[in-house]
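Here is a short briefing on a predicted model.

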Amino acid sequence: MAENKQNYSRRFFLKSSAAFTALAVLPASVKAFYLDVERVELPLKQNLSVKISINNKTHELVIDSRKTLLDLLREDLYLTGTKKGCDHGQCGACTVHINGERALSCLTLAVMAQHASVTTIEGLADGEKLHPMQQAFMDCDGFQCGYCTPGQIMSAVACVNEGHTGSVAEIKEFMSGNLCRCGAYNGIVQSIQKVAAG
Amino acid sequence: MKPFYFEKTGTVSEALNKKSENGQYIAGGTNLVDLMKKNITLPDRVIDVTSGLSSSIERVSLGIKIGAMVRNSVMAGNSLIVSAYPLLVKAVLAGASPQIRNMASVGGNLLQRTRCPYFYDTTTPCNKRDKKGGCGAREGLNRMSAIIGQSEQCVAVHPSDLCVGLAALDAIVNVEEKDGKKTKINFKDFHKLPESTPWLDNNLPEGALITSVEVPDNAFNKHYAYIKLRDRDSYAFALVSVAAALDLENGVIKSARLASGGVAHKPWRWYAVEKFLEGKSATSKTFKEAAEIVKEGLQPLSGNAFKVPLLKGAIETALNQCLTP
């Protein structure tokens, strides 16, 4: 038993010496191999700096190239008024204004909003005074659960600015990019009519 | 989303030079960003061409030239387009939502991918996504799929509305390649049928950029119609769409244009119907007879035979609407 232990120890010594030697040499090649794999298979994440004006305040951020404007608003700036509904451009919950025009923040790469001027639902009110469209949504019951509402209001403001309020049919057509699961559409149309009438 | 290098380019030649094999150009991003999120398109490099491409609409000797970077909503409101090609205005406004039209470019509209559910769901087979993947739609849920020009490998349809109008009006696609070579591609030859290479949607040379679309002068701004039939009244892709335009003289059809979306892998021109209409009087009887011709050559799949009468009716209605646009 004692002899065996001794033999085992010698073998163990030889094995471990070899392992240590290998470990001393390996890191360089493993690292190089990993870098090769990374270059070919796994592109490095790219961080870019962006300067975006949001609700009249300029923000300078360093962000991943993959980040959407929606995620920048919600996760970096905690402007969670803009909602993530489908995240695929099908529901309109993420609607914001980019340089004065309504757009989907979920399909906008944040790096492409470089130097843009963005307005979100948080930037609509004038201090404590609600935007007329916000007030109209409250007066006309333009929502139920409220999740789609920030997107609906941003789209509704643009709909009025664009002048697409000639008829109920026209309003519906130009608000079709904003879905409401609660079905508050009639109240939304009335809100827009109310603001359009002045 | 897989990581990618983002680069903004200032000119067309800079963009062409920066394009890598797996790279993607980005303009409006309304389709590409979604495809990247769903791991359908996996570019290693994304090249922003928004500054390099033209955003102007101008009169040229042929007709009107629309820069590739012109946003869909800008095009729909442009006075030159409104007066010369109101059919294009109708077509572009039938597509997407106001938000998306504010973002999407004209060049990108031509290059958008199919919305076939099998293409979009990476857990299902699709030859367009994976060259040897097989086609799930052919024997599967295919009510949205093609009824003409499809192949064993692919039954997807092209999703654009604008392209149906551009096909009807014989537009020309201006293309630039890396070596500086500039080519004009007739719209009918721009998109292709799936055949045995369904992963290719069009005949755009590898790495090339669309720089503009030209629409020749025509007399189709008085009698035109665009009809789009879909599962809901707005903000949905077409089951069947029809662009129709007539050039009339004393009630007689001098020339006719007829194209459809939602029926094939490319915007489909009904040349035989156009030929039938020419020289005939513009009456509802003529239009009814014309719509009958369309049925020849249609090969509906297991789940979309309903598109045949739908298409026939849409064509007849569109032609009638041309008389009172």
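Chain B and chain A bury about 2700 Å² between them, 60% of it on carbon and sulfur atoms. Buried area here is the accessible area (1.4 Å probe) that two parts lose on being put together, summed over both. B:Phe6, B:Lys37 and B:Gln99 supply 23% of the area that chain B buries against chain A, more than any other three residues.

This is a predicted model: local features need pLDDT of at least 70, side-chain atom pairs count only at pLDDT 80 or more, and totals for chains, interfaces and linings use all residues. Residues are numbered from 1 along each chain as its sequence is written, chains are lettered from A and ligands numbered from 1 in the order in which they are written, and side-chain values use heavy atoms, with hydrogens and water left out.

**Interface of chain B and chain A**

- On the chain B side, 29 residues are in contact with 34 residues of chain A. Contact means heavy atoms within 4.5 Å.
- The rule finds one salt bridge across the interface. It joins the side chains of B:Lys37 and A:Asp87 (2.8 Å, N to O). A salt bridge needs a side-chain nitrogen of Lys or Arg within 4 Å of a carboxyl oxygen of Asp or Glu.
- Strand E1 (5–8), helix H2 (32–37) and helix H6 (98–103) of chain B each supply at least two residues of the side that touches chain A. H6(B) gives the largest share, six residues. Helices (H or I, at least four residues) and strands (E, at least two) are DSSP runs, numbered from the N terminus.

**A:Val168**

- A:Val168 lies in helix H5 (residues 168–174) of chain A.
- A:Val168 is partly exposed, with a relative accessible area of 37%. Buried means under 20% relative accessible area, exposed over 50%, partly exposed in between (1.4 Å probe, protein chains only).
- Leaving out residues up to four places away in sequence, A:Val168 touches A:Val189 and A:Gln193.
- A:Val168 and A:Gln134 are 34 residues apart in sequence and 19 Å apart in space, C-alpha to C-alpha.

**Helix H12 of chain B**

- In helix H12 (residues 284–294) of chain B, the buried residues include B:Thr286, B:Phe287, B:Ala290, B:Ala291, B:Ile293 and B:Val294.
- They cover an arc of only 150 degrees around the axis, so they sit on the same side of H12(B). The arc is that of the directions from the helix axis to the C-beta atoms.
- The buried residues of H12(B) pack against strand E10 (238–249), strand E11 (252–261), helix H11 (271–277) and helix H13 (307–322) of chain B.
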